[in-house]
Amino acid sequence: MHQGNLFGQETPKQASYFVFHDESEPVANKGWLLIGLLFVNQRMLKNVDDVLNHYRRQENYTGEIHFCQLPKSFGGEFGAKARVAKRWMRAYQDGMYEDALFSCLAVNRASPKFEHKRFKEDYHAYNRFTAMAIKAGISYLLAPLGFDEIELTVISDGKNRKSRPDRNLVDNFEQYLPYRVELDNFVRQMKSNSPYPLVRINPVQTISSSESNFLQLTDLLLGAVQGALMGISKRPVKQELGW
């Protein structure tokens, strides 16, 4: 799909998206790896952030929202974090999902079909599945929107990223991901029988989740998916958010 400019010439329909990335390994079942991605159009960043901050102000809570650290109860002074999380989830359900598109890839590494020998190091698997999750997000969430060209900027939670290896190893996440995503997209374009966008990816940004409402929302949605998948949490707050 193309748009016309003032001179009647066709110009590509373009968009810039930020992709907020987080990972999770359920403590009770290390066989699973969950990768969460939140795709937000650059034009909608401020609107979504304003909504998230609105609910922070309602509860007078400015701290980090981290799913695994949520309290047992929504009540009392210490329940403010949980109440903000619940308000965020309700806002997401009530329409925010249209502006902040969430996708989760759940990998069962305990499956007999999982090919462990393909990944020499654990972080190789984390990185490859993150690229696969982005590819799936483009295909299912962005391609149907009819863009000709999409610019992506991946922002990863560097503080909690599972693909960060031990000190003796060098993680190639920031170098690998842009290369792999663009390669996967090129192959998908060549094989597609329907219009498919050209994707360009900027250098990966790695920040602490405490600095970003969007990374915290990604963590919250990812934690809720994990809770629904595992179904073993004893905390009423996590049970309700998973539900």
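This dialogue goes through selected features of a predicted model.

Biologist: How many salt bridges does a search of the whole structure find?

Modeller: The search of the whole structure finds nine salt bridges. One of them joins the side chains of R83 and E59, with N to O at 2.8 Å. R83 lies in helix α2 (residues 80-93) and E59 in helix α1 (residues 45-59), so this pair ties together parts that are 24 residues apart in sequence.

Biologist: Which residues are linked in a network of salt bridges?

Modeller: The network links E59, R83 and R87.

Biologist: Which residue forms a salt bridge with K86?

Modeller: K86 forms a salt bridge with E240, and their closest N and O atoms are 2.8 Å apart. This pair links distant parts of the chain, with K86 in helix α2 and E240 in helix α6 (residues 236-242), 154 residues apart. Both count as partly exposed: E240 is at 34% relative accessibility, and K86 is at 21%.

Biologist: How should I read the salt bridge of E115 and R118, and what is its N to O distance?

Modeller: The cut-off to keep in mind is a side-chain nitrogen within 4 Å of a carboxyl oxygen. The side chains of E115 and R118 meet at 3.9 Å, N to O. E115 is partly exposed at 41% relative accessibility, while R118 is exposed, with a relative accessible area of 56%.

Biologist: Turning to helix packing, at what angle do α1 and α2 pack?

Modeller: Angles run from 0 to 180 degrees between N-to-C directions. Here α1 and α2 pack at about 145°, and their axes are 9 Å apart. The crossing of these two helices is right-handed.

Biologist: Which residues in α1 and α2 meet?

Modeller: From α1 the residues are V51, L52, Y55, R56, Q58 and E59, and from α2 they are A80, R83, V84, R87, W88 and A91. E59 and R83 are in this list, and their side chains also meet in the salt bridge at 2.8 Å.

Biologist: What is the phi of N60, and where is the place of this residue?

Modeller: N60 has a positive phi of about 55° although it is not a glycine. Its place is in the loop between α1 and α2. With a relative accessible area of 69%, N60 is exposed.

Biologist: Is I138 buried or exposed, and what does I138 touch?

Modeller: I138 is at 2% relative accessibility and counts as buried. This residue is found in helix α3 (residues 122-142). With residues up to four places away in sequence left out, I138 touches F39, A143, P144, L152, V181, N185, Y196, P197 and V199. I138 and R56 are 82 residues apart in sequence and 31 Å apart in space, C-alpha to C-alpha.

Biologist: What does D49 touch?

Modeller: D49 touches N213 and F214, again not counting residues up to four places away in sequence. D49 lies in helix α1 and is partly exposed, with a relative accessible area of 24%.

Biologist: Which residues make a nonpolar surface patch?

Modeller: Patches are made of residues with over 30% relative accessible area and no salt bridge. F186, V187 and M190 make a nonpolar patch of about 300 Å². M190 lies in helix α4 (residues 173-191) and is exposed, with a relative accessible area of 56%.

Terms used. Residues numbered from 1 in each chain as written. Predicted model: local features only at pLDDT ≥ 70, side-chain atom pairs only at ≥ 80, totals over all residues. Heavy atoms only, no water. Patch = residues over 30% accessible without salt bridge, like charges linked within 9 Å, V, L, I, M, F, W, Y side chains within 5 Å. Areas by Shrake-Rupley, 256 points an atom, 1.4 Å probe, with all protein chains shown as cover. Helix = DSSP H or I, 4+ residues; strand = E, 2+ residues; numbered from the N terminus. Buried < 20%, exposed > 50% of the residue type's maximum accessible area, 1.4 Å probe, protein only. Left-handed = near helix turned anticlockwise from the far one by under 90°. Contact = heavy atoms within 4.5 Å.
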